[in-house]
Every structure is written in structure tokens, then in C-alpha cells.
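I opened a new notebook page for this structure. My entries follow the order in which I looked things up.

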Amino acid sequence: MTAAVTSGGGEPTRRDFIVVATGAMTVAAVGGLAWPFIDQMNPDSSALALGSIQVDVSGMEVGQSITVMWRGKPVFIRYRTPEEVAAARDTPLSDLKDPVARNENLEAGAPATMENRSPAGREEFLVMIGICTHLGCVPTGEAGEFGGWFCACHGSVYDTAGRIRHGPAPRNMDIPINSFVDDATIKIG
């Protein structure tokens, strides 16, 4: 008389194989059904195209600002005057409310010097996301006590490097990834 091996122990039986095979098929079926729903959450080609933009700054004059839209946000590009560059450079970090650069091109804790808030090698330009870090308003340019930006909603004052100097905003305006592709074109993103 031979005793049948059960699924409780010993060698695997036909029933064990069927249970494992059914489980594997179920996982594959659920994955196959879920994939279209997961895949539809990926950005479409129009969103990917907005991942980076190139801006021609060849027509800008010293002292001029332009605003472009990138990823649904305003980006301020300022061609600063030598006086604005000097004022930003001469400001001691101890005078700043937020001493961190907030520049995606640099390591996270880089100091908020004028050079760390400018595109590499082009300190006369400032490229920053034009959103007040207090409540998300869009500040007015060439305004405020320091000649930078002023958010009239709650009184935040930024200097010519986009660094918060007074008011309720907790930190400097953000610098997106940017670089000069050539002498006249800035790539953002």
C-alpha cells in the first residue's frame, strides 16, 4: 500500500504545481490588465517637448527683462546692468534671509553668492522661476528697495539676484537648470 504525498510537506504534488501555475498566471493577467492604466500616466509627447526650451537672447539689451513660460511657470530672464551685478556681488551672505543658492545647476547647499545664482560664465544674466516663494504670486520686476523684484501681495522684496531680503517669503526664488547653448541662446530644462 502506497501513501500519497500531500501538499503539507514532502515532495511536491500535482496539486502544488497547479496552485503555483495558477498564481503565476493570475499575476501575469493582472499585470497585463494594469499596464494600459499605468502607461497612460506617462507624459505625452507634447508634455515631453516642454521639458526644455531654448530662448534667443540676442535681441536683449542691458537692463532688459523678458518672461518666458516653461512647464507652466513664468521664467524671468534678466540681462543685468553692471551696477546690478556689482550690487548682487557686494551683498554679504550674512545680510541674506536665505543663504542657500536654490540653483538646480549646483549642489543642494551651495551658498547664495551672485555667481551661484547666474548661468556659468555669464554673470550678467539671471534666469529664475518667477514665482514668489511665499504663496506663489508673480512678483513685479525692477521694483522694491533693492531694485530686484517686489511681490505686492504680501510685501516680499528680492534683490537683483532674486534673493529674498525682506518680507514673509521663506527662501530665494528658484533657479532652474539652464545653460548657454551658444552666445545668444539659453536652454532651460
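I count two strands as paired if DSSP finds at least two bridges between them. Helices (H or I, at least four residues) and strands (E, at least two) are DSSP runs, numbered from the N terminus. I am reading a predicted model, where local features need pLDDT of at least 70, side-chain atom pairs count only at pLDDT 80 or more, and totals for chains, interfaces and linings use all residues. Residues are numbered from 1 along each chain as its sequence is written, and side-chain values use heavy atoms, with hydrogens and water left out.

**Entry: the sheet with β3**

I looked up the strand order and found β2-β3-β4, an open sheet of three strands with antiparallel pairing. β2 (65–70) and β4 (125–129) are the edge strands; each has a single partner strand, so one side of each has no neighbour in the sheet. On average, neighbouring strands here are turned by 20 degrees against each other, direction ignored. For such angles, axes are lines fitted to C-alpha atoms, for helices over the stretch in contact, and the angles run from 0 to 180 degrees between N-to-C directions.

I then went through the bridges. β2 and β3 (residues 73–79) run antiparallel and are joined by six. I66 faces I77 of β3 across this pairing. On the other pairing, five bridges join β3 to β4, again antiparallel. R78 has L126 in β4 as its bridge partner. I note a general point: strands of a sheet pair through backbone hydrogen bonds, either parallel or antiparallel.

How many of the seven residues of β3 are buried? Six of them are, and the strand is mostly covered. Buried means under 20% relative accessible area, exposed over 50%, and partly exposed in between (1.4 Å probe, protein chains only).

**Entry: the sheet with β10**

I found another open sheet of three strands, ordered β1-β10-β9 and paired antiparallel. Its edges are β1 (53–56) and β9 (178–182), each with a single partner strand, so one side of each is left without a neighbour in the sheet. Four bridges join β1 to β10 (residues 185–188) in antiparallel fashion. Within that pairing, V55 stands opposite I186.

**Entry: helix α1**

I checked α1 (residues 14–39) for length. Its 26 residues reach 37 Å from the first C-alpha to the last, close to the 38 Å expected at 1.5 Å a residue. The expected span is 1.5 Å times one less than the number of residues. Where does α1 kink? At L33, by about 30 degrees, shortly before the proline P36. The bend at a residue is the angle between axes fitted to the seven residues ending there and the seven starting there.

**Entry: positive phi**

Most residues other than glycine have a negative phi. R71 takes a positive phi near 55 degrees in the hairpin of β2 and β3, which has two residues between the strands. R102 has a positive phi near 55 degrees too. R102 lies in the loop between α3 and β4, and is partly exposed at 31% relative accessibility. E142, not a glycine, has a positive phi of about 50 degrees. I place E142 in the loop between β5 (140–141) and β6. E142 is exposed, with a relative accessible area of 52%.

Is E84 buried or exposed? E84 is buried, at 12% relative accessibility. E84 sits in helix α3 (residues 82–90). Contact means heavy atoms within 4.5 Å. Apart from neighbours within four places in sequence, E84 touches R78, Y79, G147 and T160.

F150 belongs to strand β6 (residues 149–151). F150 is partly exposed, at 27% relative accessibility. Leaving aside neighbours within four places in sequence, its contacts include P139, A143 and V157. The C-alpha atoms of F150 and V138 are 8.9 Å apart, with the two residues twelve apart along the chain.

**Entry: the record**

I looked in UniProt last. An unreviewed entry there places the feature "domain: Rieske" at residues 97–187. UniProt positions are given in the numbering used here, feature names are shortened, and annotations may be inferred rather than shown by experiment. Over residues 97–187 I read 0% helix and 26% strand, with the end C-alpha atoms 29 Å apart.
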